[in-house]
Amino acid sequence: MKRATGMLILTAAVVVTVVAYNSWLYCWGRCTLENLTRLSLPGGLLLAGNGLALGVLIFLKLTPVRRPLLPHCRCGALIEDEWRFCGHCGADLEKP
Ligand SMILES: [Zn+2]
């Protein structure tokens, strides 16, 4: 929850900076209102990149975490890779 708040504040700061920069340019006559509504090539690429990143983020958040298949003894107990025998049932785990 705390990270989400931080992200929200960061996003708000970026938006405020962009708006402030654009209105500053507008006030100084460097661009017209038409420039602000039209996306330039770098701006469009940036927006597309952000959209792509957002899509990947949502995809990763929605995809369930796949746990790697852990080795199990035939008795069902979890075993470590270096174990020579099962600590639960005592079965020999020596690999050939
Ligand atoms: Zn076992």
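Begin the tour by selecting E94, which sits in the segment after helix 3; helices here are DSSP runs of H or I with at least four residues, strands are runs of E with at least two, and both are numbered from the N terminus. The model is predicted, so local features need pLDDT of at least 70 and side-chain atom pairs count only at pLDDT 80 or more, while totals for chains, interfaces and linings use all residues. Residues are numbered from 1 along each chain as its sequence is written, and side-chain values use heavy atoms, with hydrogens and water left out.

**Around E94**

With a relative accessible area of 48%, E94 is partly exposed, a class that lies between buried (under 20% relative accessible area) and exposed (over 50%), judged with a 1.4 Å probe and protein chains only.

From C-alpha to C-alpha, L93 and C73 are 7.9 Å apart in space and 20 residues apart in sequence. Then move to G90, which is also found in the segment after helix 3 and counts as partly exposed at 48% relative accessibility. Between G90 and C73 the C-alpha distance is 9.6 Å, with 17 residues of separation in sequence.

**The zinc ion**

Which residues coordinate the zinc ion? Show the side chains of C73, C75, C86 and C89, whose SG atoms coordinate the ion at 2.2 to 2.3 Å; donors are N, O and S atoms within 2.8 Å of the metal (3.2 Å for Na, K and Ca), and sites may look incomplete because water is not among the atoms. Along the sequence, these donor residues follow the spacing C-x1-C-x10-C-x2-C. C75 and C89 both lie in the segment after helix 3 (41–62), so this pair ties together parts that are 14 residues apart in sequence. Of that pair, C75 is partly exposed, with a relative accessible area of 34%, and C89 is partly exposed as well, at 42%.

The four donor atoms subtend angles of 107 to 115 degrees around the zinc ion, and therefore the arrangement is tetrahedral, a label given to four donors if all angles lie between 85 and 135 degrees. For four tetrahedral donors, the ideal angle at a metal is 109.5 degrees.

How many disulfides are there? The count comes to zero, where a disulfide is a pair of cysteine sulfur atoms within 2.5 Å.

Of its 96 residues, 8% count as buried.

How values were computed:
Tetrahedral: all angles 85-135°; square planar, octahedral: opposite > 155°, others 65-115°.
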